[in-house]
Every structure is written in structure tokens, then in C-alpha cells.
Amino acid sequence: MIERLGRRTVDAIKAVGGFGQFVQDLVRAVPDVAVWGRLTFVQMRRVGVDSLPVALFIAAFTGVVLALQASYTFTGAVPLYFVGTLVGKSMMLELGPVLAGLALAGRVGASMAAELGTMKVTEQVDALETLAYDPQSFLVLPRVLAGTTMVPVVVALAVLTGIVTGWLASFALLDLSTQEFVKGLRLFYRVKDTWFGLFKSATFGCTITLVGCVVGLSTRGGAEGVGRSTTRAVVYSAVLLLVLDAFWALVLLR
Amino acid sequence: MIEFRDLHKAFDGRPVLAGFTLHVKDGETIVIIGYSGTGKSVALKHVVGLLQPDAGDVIVDGQAVSLLDRAALTALRREIGFVFQFAALFDSMSVFENVALGLRRRDLGEDAIAARVREALALVDLTGAEDRYPAELSGGMRKRVGIARAIALRPRYILYDEPTTGLDPVTSAVIDELLVRTRKHLGVTGVVVTHDMRSAYTVGDRIAMLYDGKIRQVGTVAQIRETEDPVVRQFIEGRPA
């Protein structure tokens, strides 16, 4: 029991040390713009454009459900135009970033862990090194930069989609006029709502891609190891995302 | 010159290399033979700094590899071509891009890179395969692309990790012939890791047997063929214990 606890503590300390070393190596790769510059655009397309359908799909239905649930909750007690307030605030501050983030953790994080894990176990990462490339600048930095910059873009479009579908549902199903919906939407709006959601999304994007890369590059074994890494990347990303969500609420919304 | 100097390496407490010492002379091709899992590839990976030794070191051109900083290690790697056991080609890149990748780290224009890629592919008899992807190639062709990727860099040293493993006898002979041709054409120093004795006899100037983490015997092909060491004899004759 004590031995197992000791071993786990040592493993945890090693993991933290390993992550610190990983981040240090990543920072060291920053001047190598000639390598990561071109590759970042490729990753931006993969993280951003290719993730849009799933993020927008989730946001569209979330907007509808938010409008209907708000109307159900407010019936008789709160003016109906508050539906616009609730849809807007919820999408911008919480549901847009978190739901899109979780969807991207499954799509982007898993795919990066699987891709880099396969490259690791088939010696492609070693081959890169022997060809005088730093895997941090060739593989990691483009992905992390793409995640950090493109996830906010995906979230912004998801938020917009959620608000539009919320408005359409209010208009078609709740008999709420467009003017009333917009009135509610603007009622408690603050510019901070926008930048908070986007800033939080950027940290989500950075976390998802960083976890995908760290887990992928630490893959050992064959296909089974790649499978384990893929699952681990999704679980770690999702957990960290929710912890970060609470952290930013605590730090920035009080 | 490459010198393995009293190299020690263990994984999870299990020693793999335990005092591995070997000198590779300039211009020669030395073949390291040994049973599977005895650390032949591990030794090779120390030469390019992919692994750090627990003790001892590999000395390349007078430099201790484990003591080099990042920039010096990168410079050293430019002098060394590495052919991986399963070729380690990048799946998402065409044959051309795979071979050109290392050249893009050098101050070469696109025309010069294209010329070097064509030259390297011609040397491995793969002219016309530039636009194909690794998934479309046979095992032997993948190995040849791996060799082309290494020789396109015009390195001073080439390290081959099990170049004929998993190939049929005819394709293995083609790869052996290619290794000999590459050496004649480029005059490089080579280290080949294999347990394929036919290949070892064909491509090697000298053969060294790795056993129990260290060199059991090293000698010319003729000396190894005539050896009276029972361990080496058993291995080269392929006799069960």
C-alpha cells in the first residue's frame, strides 16, 4: 500500500517534470518559424474549418433548447423577452465555449493523439529528428498555435449559430417578435461577455492541442498503445477543460 | 570515425548494453549481428542522439554525442543518414516529399532539391515513383525510399537498422546490392544492424557480434566465417541452442 502510494507519487512528480520539460522545449522551438510557419496554416484548416460542422450542429440545437427551456421556466413570472437574454448570455459565456470545446476535445484532441502516437510507434518522430528537424517545431507548435487561434473562431461562429437558432425557435414556436428577442439579447450585454468567451475558448484550444500532442508523443507500444493514448487525450482534455472553465469563472467573473 | 566507447544502457532496470565498445573506421561498412532484442538498434540510436547512454558514450568525429547541445547535435545529424527498420516514411507525404524533407533543412533551392531527389530515387531504381504515397508501396519499395531519403542528404555516415528484415530473399538481395552500390557510389562509412547472415556477408567489410550487451567477436567476413567461438558459430549457422 505505502509502496504503491510512493510509486504513484514519484510517477506524478515525473509527469509534472516531463510536462515542464515539454513546455520548455516548445518555447525553445519558437524561433524556428521557417518550419512551423507553413505547417501552422495546414493545421488551422484541420482544427478550424474541418471542425465547424460538428460545432455548429451542436450549437444549433443548443440554441433551440435554450429558448424553449427559458420560455418554460419564465412562464407567467418573467417577461418573455428575457428568453433573448438567457440565450445570448448562456451561449456566449458558457455553452458555446464549453460544448464546442468538449466536441473539439473528442475530434481534434483524439485525432492529434492518434496521429502523433502512430508516428511515435512507427519511428516517424525519430526519423524527423535524424533529418535535423525538431519535433516540437514540426509537429507540436503548429498544432498548439492552430488550436489556440482557431478554437475561438469556431466558438464565435457556434455562439452566433446558437443565438440565431434560439431567435428562430422563439419567433416560430414562442410567438416572440424579433424586436423583443433583440431587446432581451441587448439588455444585460457587456463587451466582456464576448471577450471572456473567446479568451476562454483560446485557452481551451491551447489545452486540447497541447494534451493531444503530449499524450500522442508519449505513446509506447503498438496499436494498443495508440488506442490508449487516444482515450487518454480525450479524457484528460475534457477534465482539464471543465477545471479551466471553473477557474476562469472564478478569476474573471467575480 | 564512429567509436562506441564502453556504452551502457538499461530499460526499466534491464541492462541492454553493458560495456559495448566498437570502432568503425572511415570508409568501411561494419555489420553488427546478434539475436533479436540484444540491443543492436539501441546502439545505433545512440549515434544520432535518439537515446542517451546511462554510461559511456558514442564518439563521432571526436565529439561525444551525449554532450552535444541542440545546435551541435543538429549539425552532426546532417552528416548522418539513418535508414529505419520499417522505413519510417511519413504517411501523409508523397515519395518525393519524403526524400526532399531532409534537404529542405539545407540551403538549397527547389530546383536543386528536385535534382537531388531524382538522383537519389534513380540510385535506388525508383525513378517515376515520386508522386506515389507510402501506402501504395511494397515493403521492399518502402525500404528503398528510406535509403533514398538517407543518401539524398549525401551524408558521411549511413546507419542501417535491419535493412532486409521482413523481405523475401530476392528483395533482400536487391537491398544488399543497393547497399554495396551506395557505398561504391558515395564512399560513405556504414553501420548495418542485422541478423540476416547472408546480408552481413554481402555488405560487410567487418562483422561484429553483439552478445550479452557487449561485443563478443569482431573480425573480417572471412574471420567470422571461420570462427571457433561457439556462441558466434551457433549464431552464424543458425543452430538452435
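Guide: Two residues are in contact if their C-beta atoms, placed from the backbone, lie within 7 Å. Keep in mind that this is a predicted model. Between the chains, 14 residues of chain B and 10 residues of chain A take part in the contact. On the side of chain B that touches chain A, helix H2 (70-77) and strand E6 (80-83) of chain B are the elements that give two or more residues. That side of chain B is made up of 9 nonpolar, 2 polar and 3 charged residues.

Now let us turn to some strands of chain B. Strand E1 (residues 2-11) of chain B pairs with strand E4 (residues 55-60) of chain B in the antiparallel sense, over 5 bridges. Here Glu3(B) stands opposite Ile59(B) of E4(B). E4(B) also pairs with strand E5 (residues 63-64) of chain B, again antiparallel, over 2 bridges, and in E5(B) the bridge partner of Ile59(B) is Ala64(B). The hairpin of E4(B) and E5(B) has 2 residues between the strands, and Asp61(B) takes a positive phi near 50 degrees there.

Next, find Ser41(B) in helix H1 (residues 40-47) of chain B. Ser41(B) counts as buried because 20 other C-beta atoms lie within 10 Å. Leaving aside neighbours within four places in sequence, Ser41(B) is in contact with Gln85(B), Asp161(B) and Val193(B). Ser41(B) and Thr194(B) are 153 residues apart in sequence, yet their C-alpha atoms are 9.0 Å apart in space.

How values were computed. Residues are numbered from 1 along each chain as its sequence is written. Chains are lettered from A and ligands numbered from 1 in the order in which they are written. This is a predicted model: local features need pLDDT of at least 70, side-chain atom pairs count only at pLDDT 80 or more; totals for chains, interfaces and linings use all residues. Helices (H or I, at least four residues) and strands (E, at least two) are DSSP runs, numbered from the N terminus. Ala, Val, Leu, Ile, Met, Phe, Trp, Tyr, Cys and Pro count as nonpolar, Asp, Glu, Lys and Arg as charged, and the others, Gly among them, as polar. A residue is buried if 20 or more other C-beta atoms lie within 10 Å of its own, exposed if 12 or fewer, and partly exposed in between; C-beta atoms are placed from the backbone. Two strands pair if DSSP finds at least two bridges between them.
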